[in-house]
Amino acid sequence: MMSFEMNDRKKIGLGLTGFGVFFSFLGIVFVFDKGLLAMGNILFISGVSLTIGLKSTMQFFMKRQNYKGTISFGIGFFFVVIGWPIMGMMLETYGFFVLFSGFWPTLAVFAQKIPVLGWIIQQPYIRSFFDKYRGKRVPV
C-alpha cells in the first residue's frame, strides 16, 4: 500500500512547486518578464522532482504518451530563457495541458466537493462536461 506520509523532502517540494507557480504568475503579470518566468519554471520542475522523487519525475516525463507535452514544455522553457517569453509560455501552456490532462478527472471530483463551487458544477451544462471525463484512470 502506498504511504502518503509528508516528510521534509515532500514539504520542501510542495513549497518549491508553489513558489514556481507564483513566480510564473508574477512573470505573466509583469508583461512576460523572462527572469521571473525562468525562475518560476526552475522552481516548478525542482518542486515536482522533490515531491514525487527524481525517478518518478523522469518516468512521468519520459512516458511515450507524454512525449508531445514534454517536448513542448522543454522548447517553451528554452524560448523563455533565450528571450522569447510569449512564444515560450504558449508552448509551455500547451505542454502543461498535454502532460497533466490525465489529472483533470481527479480535479473535477475534488472541485465538486467544494461547497459553492460544487453547487455550480452540479448545474446541467457544466455537469455534462465533467461527466465526459469521469471514470478515466488517473496516471499516478
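## Fold pattern along the chain

Read along the sequence, the protein chain follows the pattern α-α-α-α-α-α-α-α. Its secondary structure comes to eight helices and zero strands, where helices (H or I, at least four residues) and strands (E, at least two) are DSSP runs numbered from the N terminus. This is a predicted model, in which local features need pLDDT of at least 70, side-chain atom pairs count only at pLDDT 80 or more, and totals for chains, interfaces and linings use all residues. Residues are numbered from 1 along each chain as its sequence is written, and side-chain values use heavy atoms, with hydrogens and water left out.

Of the 140 residues in the protein chain, 30% are buried. Here, buried means under 20% relative accessible area, exposed means over 50%, and partly exposed lies in between (1.4 Å probe, protein chains only). A contact means heavy atoms within 4.5 Å. Among contacts in the protein chain between residues at least 6 apart in sequence, 54% join residues at least 24 apart.

V21 is found in helix α1 and counts as partly exposed, at 47% relative accessibility. V21 and L37 are 16 residues apart in sequence, and their C-alpha atoms are 9.3 Å apart in space.

S24 is also found in helix α1, but this residue is buried, with a relative accessible area of 14%. When residues up to four places away in sequence are not counted, S24 touches L36, L37, G40 and N41.

## The loop between α1 and α2

V31 lies in the loop between α1 and α2 and counts as exposed, at 70% relative accessibility. F32 is found in the loop between α1 and α2 and is partly exposed, with a relative accessible area of 28%. Most residues other than glycine have a negative phi. V31, however, has a positive phi of about 50 degrees although it is not a glycine, and F32 has a positive phi of about 55 degrees although it is not a glycine.

D33 belongs to this loop between α1 and α2 as well. At 34% relative accessibility, D33 counts as partly exposed. D33 and I86 are 53 residues apart along the chain, and their C-alpha atoms are separated by 9.4 Å.

## Packing of α2 against α4

Helices α2 and α4 pack at an angle of about 145 degrees, with their axes 9 Å apart. The axes are lines fitted to C-alpha atoms, for helices over the stretch in contact, and angles run from 0 to 180 degrees between N-to-C directions. α2 passes α4 in a left-handed crossing; a crossing is left-handed if the near helix is turned anticlockwise from the far one by less than a right angle, and right-handed if clockwise.

On the α2 side, K34, L37, A38, N41, I42 and I45 meet F73, F77, V80 and V81 in α4. By class, the contact of α2 with α4 has eight nonpolar, one polar and one charged residues. In this classification, Ala, Val, Leu, Ile, Met, Phe, Trp, Tyr, Cys and Pro count as nonpolar, Asp, Glu, Lys and Arg as charged, and the others, Gly among them, as polar.

Helix α4 also contains S72. This residue is buried, with a relative accessible area of 10%. Residues up to four places away in sequence aside, S72 touches L91, E92, Y94 and G95.

Helix α5 has 15 residues (residues 85-99) and should span 21 Å at 1.5 Å a residue; its end C-alpha atoms are 20 Å apart, which agrees. The expected span of a helix is 1.5 Å times one less than its number of residues. The buried residues of α5 are P85, G88, M89, E92, G95 and L99. Seen down the axis of α5, these buried residues fall within an arc of 130 degrees, so they line one face of the helix. The arc is that of the directions from the helix axis to the C-beta atoms. What covers the buried residues of α5 includes α1 (8-29), α2 (34-52), α3 (54-61) and α4 (67-82).

In helix α6 (residues 104-112), the buried residues are P105, A108, A111 and Q112. They cover an arc of only 125 degrees around the axis, which puts them on the same side of α6. An α-helix has 3.6 residues a turn, so residues three or four places apart point the same way.
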